[in-house]
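Reader: Could you walk me through this model, one question at a time?

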Amino acid sequence: MRISDIFKLAFKALRDRKLRSVLTIVGIMIGSAVILALVASSSGLSTGIQAQVGKIGANTLTVSSAGQFFAPGGSSGTQSYKLTQQDVNTIKSFQGVSDVIPYYSQRATISYASNSIQGELIGVDTSALFTMYRGLSLYSGSLPDSYDPSAAAVGYSIAFPTGSSDQLSINQMISTTLGGSTSSSLTFLVKGILSEYGRVLFSNIDETIFISLQSAQILLKTQYFSGLYVITDTPADVTTVQQEIESYYGTQVRVMNAGSMVSTVESITSQMTVFLGSIGGVSLFVAAVGITNTMFVSVMERTREIGILKALGYRPKQIMGMFLSEAILSGVIGGVGGTILGYALSFIIGGALPMFGGFGPPGQTRSSTTFTPVFTPELIAFSLLFPIGVAVLAGLYPAWRASRMNAVVALKYE
């Protein structure tokens, strides 16, 4: 008997037992899809975080007050410590520190023409902007002058919002309404538009307005910084500098190390992947039990058919191949369907779960973003072949039992 004929008979057998076959195949699909989606999403999340860290560098620390959320220009609440220029000078004196860049940060609604965009206003030394964000460049115009309180540079998504025909140009006015406990409205003249950049761990640069540090201090009416970027000489100095800052300030400030936070996030996602992936493994195990049960029932129901085939001269290997092909076909359909379902599910997970782009210090906008799943040839091959292997193992014993059945006993079976 040709292999094509064997699989035609196998497909007919599955079709004759629609409900059992569908339930078994669905179990295989769910297990395969869950494993593929979780592994691809975990890899995408890890890749996205590493790319974000690469934009600010592994030798960057952020220092902020350890108190509650503090909005520049607003009430300090229960905040016990406020960062000033004195803290900038103090941290600069620490060994291994290359530079300290203070900043002001405030949530804001940016408006012009028919556009209204939720973003962020950051006041920082504009000459250090390209040092803070590696690879950032100007699309057009220039950076704001340090002593011009009305000048601003805007992110790419603010200048060219998706789905809008109204776009910004150089020397155009924009209105900014600040969030926080007391709302206020500020107007800026666009001096520069930044090239498309994307997110870093603390901000979405494309949805940010940058003004000079002096301008922010005047307009926000505060001398207290939202936080400090501390840049070390080398990545190897990060841990030492972090320990020195924490030793000096104690619990008054919070020091964040982007590199260590990435390691923590990756550890959490890996554990979550293993845990949820085991659920997919259980689903495949249940599906394997279903295949075994379905095939045992099929053998019992087709006992007289097996006896007739043996009487016609079918060899045990041919009969075993007929039943084993049903398991293989179930695995193939389940594996292909599970791979397609897992591919779609991974993008749903990527759109539903937040990237850890918002773990920045207090006073800074906590934003989230989607991430793109990563599919490798090895992962796709595993998603296709592993369910087939499980199905073959599950169907091996029932098929063997069918091939060893006595022809005379089978013909007498009622």
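This is a predicted model: local features need pLDDT of at least 70, side-chain atom pairs count only at pLDDT 80 or more; totals for chains, interfaces and linings use all residues.

The questions below go from the whole chain to single residues.

Reader: How far apart are the end C-alpha atoms of helix H2, and what span should its residues give?

Author: Helix H2 covers residues 18-56, which is 39 residues. Just after H2, Gly57 takes a positive phi of about 90 degrees. At 1.5 Å a residue H2 should span 57 Å, and this agrees with the distance between its end C-alpha atoms, which is 56 Å.

Reader: Where do the buried residues of helix H3 lie around its axis?

Author: In H3 (residues 85-92), the buried residues are Asp87, Val88, Thr90 and Ile91. Viewed down the axis of H3, these buried residues fall within an arc of 165 degrees, so they line one face of the helix. An α-helix has 3.6 residues a turn, so residues three or four places apart point the same way. The answer for H3, then, is one face of the helix.

Reader: What covers the buried residues of H3?

Author: Both strands and a helix take part in this cover. The cover includes strand S1 (60-65), S2, strand S9 (227-232) and helix H7 (238-249).

Reader: Is Ser105 buried or exposed, and which side chain does its side chain contact?

Author: Ser105 sits in strand S2, residues 97-112. Its relative accessibility is 0%, and buried means under 20%, so Ser105 counts as buried. Its side chain makes a polar contact, at 2.6 Å, with the side chain of Glu120.

Reader: How many bridges join S6 to S2, and how many pair S6 with strand S7?

Author: S2 and S6 run antiparallel, and Thr109 has Thr177 of S6 as its bridge partner. With S7 (residues 184-194), S6 also pairs in the antiparallel sense, and there Ile174 stands opposite Phe188. The count is four bridges between S2 and S6, and between S6 and S7 it is six.

Note on methods:
Residues are numbered from 1 along each chain as its sequence is written. Side-chain values use heavy atoms; hydrogens and water are left out. Helices (H or I, at least four residues) and strands (E, at least two) are DSSP runs, numbered from the N terminus. Buried means under 20% relative accessible area, exposed over 50%, partly exposed in between (1.4 Å probe, protein chains only). A polar contact is a pair of N or O atoms within 3.5 Å; within protein, one must be able to donate a hydrogen and the other to accept it, and residues adjacent in sequence count only if both atoms are side-chain atoms. Two strands pair if DSSP finds at least two bridges between them. The expected span of a helix is 1.5 Å times one less than its number of residues. The arc is that of the directions from the helix axis to the C-beta atoms. Contact means heavy atoms within 4.5 Å.
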